[in-house]
Structure formats: C-alpha cells, structure tokens
Amino acid sequence: MSAPLSPAPSSPLPAGRRLTWPWFLVVVVAYLAILQGLGALIGVDRGDGNSQFPTTESVVRNGVIPIGLSVLFGAAVVTWLGWWREVLHYQVPVRRWVRFVPVSMLVVAVLAVNYPNLADQPLSLVLALVAMTALVGIGEELMFRGIGVQVFKRAGYSEGKVALWSSVVFGIVHVSNAFGEGAQAILQAVIVSTSGYFFYLCLRVGGVLLLPMLVHGLWDFSLVSNTVGPDPKTSPGMILPILLQIALIVLVVVKRRTIEPAAQAGTTAAPAAKHAAGS
C-alpha cells in the first residue's frame, strides 16, 4: 500500500516588511533628494577650472556631508524594513571565473590612482577624499546592491533580471548628474549601469555586501583622484579603468550563460533522470 502523498513544503516567507519595486523607486527619489537637494543648499562653488573638488571645503560640503546623510537614510530604510541580515549577506554562488571581476577591479583601481596629484594636495583634502569615496561605496551599494537587489529578488525575479533591473535603476539615478554636467550624464548613466552589474557580480562572489562596497569605494577614489586640487593633472593611468570596463563588458557578454553554477542546471535535470530510472 503506497503512502499518502504529502504536500510539498512551502518556501519560508522572507523576513521583514515588504517593499514593492514602485515603492523602491520612491525610496530612490528620496535618496536623490538628499544628495542633490542638500548638495545644492550647502555646497560651495567649484569655480570655472577643470577641478571637481578644488579644496577640502568643497569635498566636505559638496560630497562628504550630503553623501553621509544619504548613507544614514539608506540605513534607516533597511532598519525599518528589517532586512539587515539579507542585505548584508547574499549567499548566491557563481562560477569561479567570476572572481576575476572584483580582483581585476581592485588591482586596476590601485594602479589608476593619481598618486602624483594627491601628493601635491593638503593632507586634509586627501583624507576628505578618502572619506567621501568610502561613503559613496557604502551608500550606493547599500541602496542598490542591498535594498534594490532584495526588492527584485523578493518580487520573484530570476538572478539575471535581479542583476539587470538593479543595475538599470543604478544607472538611471546618475542621470541626475545632468543638472551639473549636462548631456554627458546620459552616457555616464549607461556606463554606470554596466558598473552596477559588475558590483552585483562582486556581491555574488563575496556573498557579503562589504566586497562591492570596498570595490566601489576604491574604484571611485582612483577616478576622482584625477579631479581634485586647484589644478589637477590627469594621470595616464586613467586609461586602465576604461580598458578594464571594455574588457569586462566583452567577458560578461561572451560568458553570460556560464555565470550560474553548473550544479543549479543539474538540479533541474535530476528529477527527470530519477523518474526515467524508476520507470
């Protein structure tokens, strides 16, 4: 006599409050309002030169303070949602070759830092730059690879779509820079979307949000090191992040079907094979 069929166990409900993707976009708008609005209120004039941050004061008032408050906002949202465990730990494995993404980005970021330009600046400016770019890494990763990834994951999207839509929103957010940088911000948004995808892969590789935070912060530090001080000189090393970005885009496009571990594909075939063996 065969045993009665038992119902399949249901997957546990995710912990914390629910946040749909339209409401996530509202959260992102509020996040932008803090960055852009507060930056406009307390920011200082950068002058007419080619420097993005000519003085320590400009780094602190245009960057550290508004970005720091955006980090606090993101942390408050995660606390209200009750998602800290899931946001900080994302245990979704990938193939070993994907480790090349964070490793190469960290190496290139270190090589691309404009050390001569930083050596010409006051120590206070360099320390302020370190603080600002660290806050960028923490804040943007918390918002997009933390909250954003969880929003799309909990909505039932596949990992590919989670990566896609969290990266697209990340890129669109940078269109807001058009208020200060003009039409080139559109191109920047496209490039940033690909960077967002690479940071997502860093999250998958490390399994913790700390890794993309570290990669993101150091990556931005290397780029911004070329635009600080009253008369910055761009380093030839700036070509390295551009070349790596292109190389990673090509690599991911070519190997996009081999990002997920082979075991996952095998699990879908296992039930069918077991059924065939028992027939």
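Modeller: Glutamate 86 and arginine 154 form a salt bridge, with their closest N and O atoms 3.9 Å apart. This is a predicted model, in which local features need pLDDT of at least 70 and side-chain atom pairs count only at pLDDT 80 or more, whereas totals for chains, interfaces and linings use all residues. Residues are numbered from 1 along each chain as its sequence is written, and side-chain values use heavy atoms, with hydrogens and water left out.

Biologist: Why is the pair of glutamate 86 and arginine 154 called a salt bridge?

Modeller: The term asks for a side-chain nitrogen of Lys or Arg within 4 Å of a carboxyl oxygen of Asp or Glu, and the closest N and O atoms of this pair are 3.9 Å apart. Glutamate 86 lies in helix 3 (residues 84-88) and arginine 154 in helix 6 (residues 123-154), so the pair ties together parts that are 68 residues apart in sequence. Helices here are DSSP runs of H or I with at least four residues, numbered from the N terminus.

Biologist: What makes arginine 154 partly exposed?

Modeller: Buried means under 20% relative accessible area and exposed means over 50%, with partly exposed in between (1.4 Å probe, protein chains only); arginine 154, at 25%, therefore counts as partly exposed.

Biologist: Which residues are linked with glutamate 159 in a network of salt bridges?

Modeller: The network links Lys153, Glu159, Arg204 and Glu260. Glutamate 159 pairs with lysine 153, the closest N and O atoms being 2.3 Å apart, and with arginine 204, where the corresponding separation is 3.6 Å. Arginine 204 belongs to helix 9 (residues 184-206) and glutamate 159 to helix 7, 45 residues apart, so that this pair links distant parts of the chain.

Biologist: What makes serine 51 buried?

Modeller: Serine 51 has a relative accessible area of 7%, and therefore it is buried; this residue lies in the loop between helix 1 (21-42) and helix 2 (56-81).

How values were computed. Helices (H or I, at least four residues) and strands (E, at least two) are DSSP runs, numbered from the N terminus.
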